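Let's take a look at the pockets in this protein and at what lines them.

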Amino acid sequence: MVGFAGWSMPVSYGSVIDEHNACRSEGAIFDVSHMGRLRFSGPDAGRFLETVFTRPVTNLDDGQSRYGFITNEHGGIKDDVIVGRERDDYPVVVNASNRAKLLEHFETVKTTRGLNVKIDDRTAKTAMLALQGPAVIEKFADILPIDLDLRSLKRFRFETVSYMLMKFTVSRTGYTGEDGVEVTLPAKASALAMRGLSGPLKEWLRPAGLAARDTLRIEAAMPLYGHELDEDTDPITAGLGWACDLKQGFIGADALRASEPTHKIVGLELDGKRIARQGNPILANGNPIGTVTSGTMSPTLGRSIAMAKLELAHTEPGTVVAAAFKSGEVPATVVGLPFYKRA
């Protein structure tokens, strides 16, 4: 267990490799209750979110969600978030380390722009469990004690249902590169839910911690705030420009429209077994051209992989560069992302 953003989090329950492989082969369950869960309501809720969020939300269907960013005036990323719509309310999931910062930012925008919106921080009142893996949808659907057709639930869609007088939200999203769901439920029911799931699903659903979550998301090239994303990195540099609607007048849109990125996040495959970590310099002909943002030894691919922010001139797949270590340099090849994509 380790401390993280005020939470005590499991790094692993035993073998990180076994947890990783369980998610890739059948299924794993992650406690992701540390993620911030906010809810926006009121007459100006949609208008407010379209001021701070990089994508439109008022055209979302009931039960639909979108991935995007909260950006600063310069287009840098304050956080990457998921915004949903549930009738006239908007549930939003944010990163644990950014929750306090965002709440302060939201209150400032709300006040300075005179918008009538209520911001309800529901993080402490709720818990969130992520079930991820190729077997999750079929096997979880068979034991759900609620009236929900999980098999027909599309990606980035969610439904809220009731069971034993409590509301549960099931969303078909995740952070591993596999199919699966995230379940938001009352905090007081979380232990009961974990015990309940460990019964009929224990033969194939393995508890997994932060370490496996990291190796899985790196293989799937999913960015992590503080690594690929930060307030000095814009979504276009991060390779995520598709999650910005530049026709919209959100905070930072003007800067993004005028921006000419000089760097790009790319994938690297390193020769041998050395693992590049965040901050490792990347060189071309002995000259620094960027830095590693995340790296690991891929359990699925059996290769040393990394994501790195490089100068644009060196981002073409097939380009050979070098990862610098204290003991010397290791050749690395620029490759397309993601490293792993499920069938």
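Quite a few strands take part in the second largest pocket: S4 (36-41), S6, S7 (90-94), S9, S10 (158-163), S11 (166-171) and S12 (180-186) each bring at least two residues to its lining. Keep in mind that this is a predicted model. The lining of this second largest pocket counts 27 residues, and Arg39, Glu86, Pro91, Thr169 and Thr184 sit nearest its centre.

Now for the largest pocket. It has 48 lining residues, with Tyr67, Gly174, Tyr175, Met222 and Pro223 closest to the centre. The elements that put two or more residues into that lining are strands S1 (2-4), S6 (77-85), S9 (126-132) and S14 (263-270), plus helix H6 (210-219). H6 is the top contributor here, giving 4 residues.

| Pocket | Volume | Lining by class |
|---|---|---|
| Largest | about 1,400 Å³ | 27 nonpolar, 10 polar and 11 charged residues |

On to the acidic residue, Asp234, which is found in the loop between H6 and helix H7 (253-258). What is the nearest side chain of opposite charge to Asp234, and how far away is it? That would be Lys309, 7.5 Å away. Asp234 is buried, yet it has no salt bridge. Its side chain does reach backbone nitrogens, though: that of Ile236 at 2.8 Å, and that of Thr237, also at 2.8 Å.

Technical notes. Residues numbered from 1 in each chain as written. Predicted model: local features only at pLDDT ≥ 70, side-chain atom pairs only at ≥ 80, totals over all residues. Heavy atoms only, no water. 1 Å grid on protein atoms, 1.4 Å probe; cavity = no way out; pocket = protein on both sides within 12 Å on 5 of 7 lines; lining within 4 Å. Points joined across faces, edges and corners; volume = space filled by probe spheres on them. Nonpolar A, V, L, I, M, F, W, Y, C, P; charged D, E, K, R; others polar. Buried < 20%, exposed > 50% of the residue type's maximum accessible area, 1.4 Å probe, protein only. Lys, Arg positive; Asp, Glu negative; His and termini not counted. Salt bridge = Lys/Arg side-chain N within 4 Å of Asp/Glu carboxyl O. Polar contact = N/O pair within 3.5 Å; in protein donor to acceptor, adjacent residues only side chain to side chain.
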